[in-house]
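Q: I'm new to this structure. Can you walk me through a few places in it?

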Amino acid sequence: MTRLNHCVEATAGSGKTTRMVQELGTLLTTQSPSACLAITFTEKAAHEMRHRLYHHLREGGTRSPNALIDRMAIETIHSFCLRLLKTYGLLIHLSPQMRIVSGVPLTLRVRDHCRRLWQDHAASPPPWLTTCLSTWSMDQWATMLLTAYTNRDSVGYWLAEGLVHADIRDPDYTDAYATIGNAFRHSFNALMARIDADKRQGHWLDYDDVLSKTYQLLMNVDWLRHDLQTQYTHIFVDEFQDTSPIQWAIVSALCNDADPFDSGKLWIVGDRCQAIYGFRGADDALMRMVCTTDHPQLVQIKQTANYRSHPVIVAFINTLFTRLFADQEADFLTMTPHHTPHDTASIRCHLHDDLNDELSAIATYIHQCPATVNRSDIAILVRKNSDAQTIKGFLTEQGIPVQIPTGAGLCKLDSVQIIRNWIKGLLDPSDTLVWYGIAVDILGLSDTDFESALRADTPIGAYFRDRDDRVRDGMIALHSGDYITQLRHQIYQLPLPFSPMDQHAVDQFLTAFSAHWTAVSGDRPSVLDWLDACLADPNSLRIDNDTQGDAVHIMTLHAAKGLEFPVVIVPFLHAPFSNDALQPLIVSREWGLGFRVPQWTKNPIRSALSDQLKPAAILEELRLFYVTLTRAKYHLYLSGKRLTRKQACRLMLLLPHITDTPSQVVFNWDMPIAEPAPHVPPSKRLPIPPSPLMAATVPTYTPPLSLTITDVLTAYKCPKRMYLQRYRPQHIRPTDDQQAGTQMHQRVIRAILTKQRTPTPDDPDWLARIIQSDWYITLLARPHSRVEYPFWYTYNQFRITGRIDIGWLDPETRTMGLIELKRSLDHSLDRYSHQLHLYGEVATPSGYTFDPTASFLVDCTHNRVVPLAQNPQPLTAILDALAQPHTRPDHCPFCPFADYVTACSTSTWA
């Protein structure tokens, strides 16, 4: 029987999540759960799917639904890719220490590299830098480089392909435009070289890297790609309209090596009318391509029934958006109302002369809602967070309780990130990135002032301590007896224009920080780790509702996607559509790069590029408006300011459907219910839109079997046990001793990396002894040391991976020495010595030899240094023995490990 792919084009409110849950529930009860992969757009959607799947299975009689769900992968594309990289990243030379940098820290890091790029060439600027800074200001240039980094795949492609598409080149401006573009290309390449070096040295990636590295991993490692293709026999992709080309390339690679639809494993769900994430790289053309593909193994399904909204609201949305999409020469899939129309419904629109009148009218409308409508049934949907704060402040003054969404990431808020930077800067005066944020957000300094501080001989924090009383008082408070109380007092005295919502969020953050400070007794490294984790995982702390009980929801349009409310209020219809007209650099994947040149009175190339981008920008605005209106179940209230001139905004879209009166505008919504759209047969398959990243060629190779040094050490005693541990791992919770050893290891490594030369009052006694020991002092003086250094080594069909705790190279003697840190050396001395010998055998660079006499083990608890014992067995002998058939799990004649199997090899090598 031929397996089929399914493409479900589902309109708003049609129950697409319910349908996916039903399909997944059927598969989980008939197939292996580990063979199913469900990719959602957000973590919230993944959590919702697990929750609904649990109840679906339980209602169907499944006794232990969580046991099935836990064995299935339900996650976002980024979390899935990150899981692959954590497991197999060494196959493409990614460090196991890899971490993710995003949000504000990423922006600060890129801007810091821009500033340092200028500083490196300030004394003797090359021609390209002179051209850039004579064309744009320093801030404009840095902003353009930041935009270019965010869109680096498209930017790199067009910088190499002539800047813009041939159709929009202008003969009178092409040469001058190319001169500026070439200068920018040099600066962009120099910036990328710096950032790439920083990523290699600091072992970090951003979320775009996670996708590109995963694609590289799958294209390079054939056996891994084929294993995943075999493992995942059913792949579900939710919200497919928000998929980017690189994400589609990854999903295609998980299907098979040729046509993804030949695999018969895809179940795609999406709605082109709800594609609202183009600014994140999503390409709705992919959804259009799948929906119009004519393939014998692809079933097209139109799911148009709307179970959410009242027929009156459905009819209004159908009529409005059929016309609006037709104006843009785009198709609109109309909804079929299936809601029982016995409830009342209303659509109202009011226009006002100023902001205060509009806010007062919204408050009046909320007060006049029927008693059957709870406050929590009402949602106010806005475009920007600043709009949310404006409305929230006004409604709070009117006595209307309001709330922000429960469960949002606390550390995603700008106000919390500013306070986090302030605390971290006081604790770590040398953190340049953090102090840049403090200088701009709190001290109100310019980039020029900050650059002066960077040129000082003292650490950046000490520089500001000597010049700002707030910084000095904050550092003095660190050594006081009641630091938390003083910290709160100082933060609330900072000149920050926080709204009541911001103040509530900051108070929650300080409460969590205080709890951690108390738990670790103010241990500075532990506190710094906690602060770093707050940005590494901004959802780790959750926002609590700042009101109790019934309250009106206020959220952005993007945050409201997937939700529904009986009453929806949409204010500020007069706000102009967002566009990139004023940005120094605009980027199009299909058309090229648009530089804004302030000296030019006109720029026909950039104008032509803007004209090419306008249709897609207008379509995205239409789709965002569609998502907004389809959140309403019964009542829709729209408001805005009267227009004094024609401008691109949502109100201009509505005007043909409203009648103006002296006091208000009322919709003419007495219209027939729209009939379902006629079925349109799928057309011929469209090609995937070109992507510079997907067009790149990736070299391929087939890696051998990968083992760790721990596997090799286990195999030395018993190969059977090694195989069992690798392929039937026992998931055991780490013991207290293991956790304590990990913490001790991290403390010592941190002290070495920061070159700590004297103990601090916060250091425990065991660490103080290590810092004062001879081996530690000697290590800090070595110029060619390596700490936490990952490596790999290939021998026949084996690849050996591992990580050195501490190592150094001696250029004079051409030798390498190693140190291994252990919590205690009371047991397994032979194994640990053997481990270092294997490290020396595998990781010694070409031209150097391993020196066992210069290597030793360290007992961290007692600061005891132990020399190495003799190496009992070379690595190649162990691997050669492992390659023999008798080491396979089903060929071992006898075994003392009865807890594992009834037959195994002897405990020593024959």
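Q: Where is S639 found?
A: S639 sits in strand β18, residues 632–641. Helices (H or I, at least four residues) and strands (E, at least two) are DSSP runs, numbered from the N terminus. This is a predicted model, where local features need pLDDT of at least 70, side-chain atom pairs count only at pLDDT 80 or more, and totals for chains, interfaces and linings use all residues. Residues are numbered from 1 along each chain as its sequence is written, and side-chain values use heavy atoms, with hydrogens and water left out.

Q: Is S639 buried or exposed?
A: S639 counts as buried because its relative accessibility is 0%. Buried means under 20% relative accessible area, exposed over 50%, partly exposed in between (1.4 Å probe, protein chains only).

Q: What is S639 in contact with?
A: Leaving aside neighbours within four places in sequence, S639 contacts H350, H352, E358, I362, V570, P571, F572 and L573. Contact means heavy atoms within 4.5 Å.

Q: Where is F572, then?
A: F572 is in the loop between β15 and β16 (585–588).

Q: Buried or exposed?
A: F572 is buried, with a relative accessible area of 9%. Its phi is near 60°, a positive value in a residue other than glycine.

Q: What about H93? Which loop holds it?
A: H93 lies in the loop between α4 and β4 (99–100). H93 is not a glycine, yet it has a positive phi of about 65°. H93 counts as exposed, because its relative accessibility is 61%.

Q: Back to β15. Which strand do 3 bridges join to it?
A: That is β12, and the two run parallel. A379 stands opposite V568 in β15. Two strands pair if DSSP finds at least two bridges between them.

Q: Which strand pairs with β12 over 4 bridges?
A: Strand β14 (residues 552–556), also in the parallel sense. There, the bridge partner of V382 is T556.

Q: Why is β12 called largely enclosed?
A: Because 5 of the 5 residues of β12 (residues 378–382) are buried. Both faces are covered: I378, I380 and V382 are buried on one side, A379 and L381 on the other.

Q: New topic. Which strands form the open sheet of 6?
A: The order is β3-β2-β6-β7-β1-β8, and the pairing is parallel. The edge strands, each pairing on one side only, are β3 (73–76) and β8 (298–303). Neighbouring strands of this sheet are turned by 15° against each other on average, direction ignored.

Q: Which helix packs on the sheet?
A: Helix α4 (residues 77–88) does, touching β2 (36–40) and β3. The direction of α4 makes about 110° with that of β3. Axes are lines fitted to C-alpha atoms, for helices over the stretch in contact, and angles run from 0 to 180 degrees between N-to-C directions.

Q: How many bridges join β1 to β7?
A: 4 bridges join β1 (residues 5–10) to β7 (residues 266–270). E9 has G270 as its bridge partner in β7.

Q: Now β23. How many of its residues are buried?
A: 11 of the 13 residues of β23 (residues 798–810) are buried, so the strand is largely enclosed by the rest of the structure.

Q: In what sense do β22 and β23 pair?
A: Antiparallel, over 10 bridges, with β22 covering residues 785–795. R786 stands opposite G807 in β23.

Q: And how many residues lie between β23 and β24 in their hairpin?
A: There are 4. R814 in the turn has a positive phi of about 55°. 5 bridges join β23 to β24 (residues 815–822), which run antiparallel. One of the pairs is D810 with T815 in β24.

Q: How many helices and strands are in the chain?
A: The chain has 34 helices and 27 strands. Of its 910 residues, 51% are buried.
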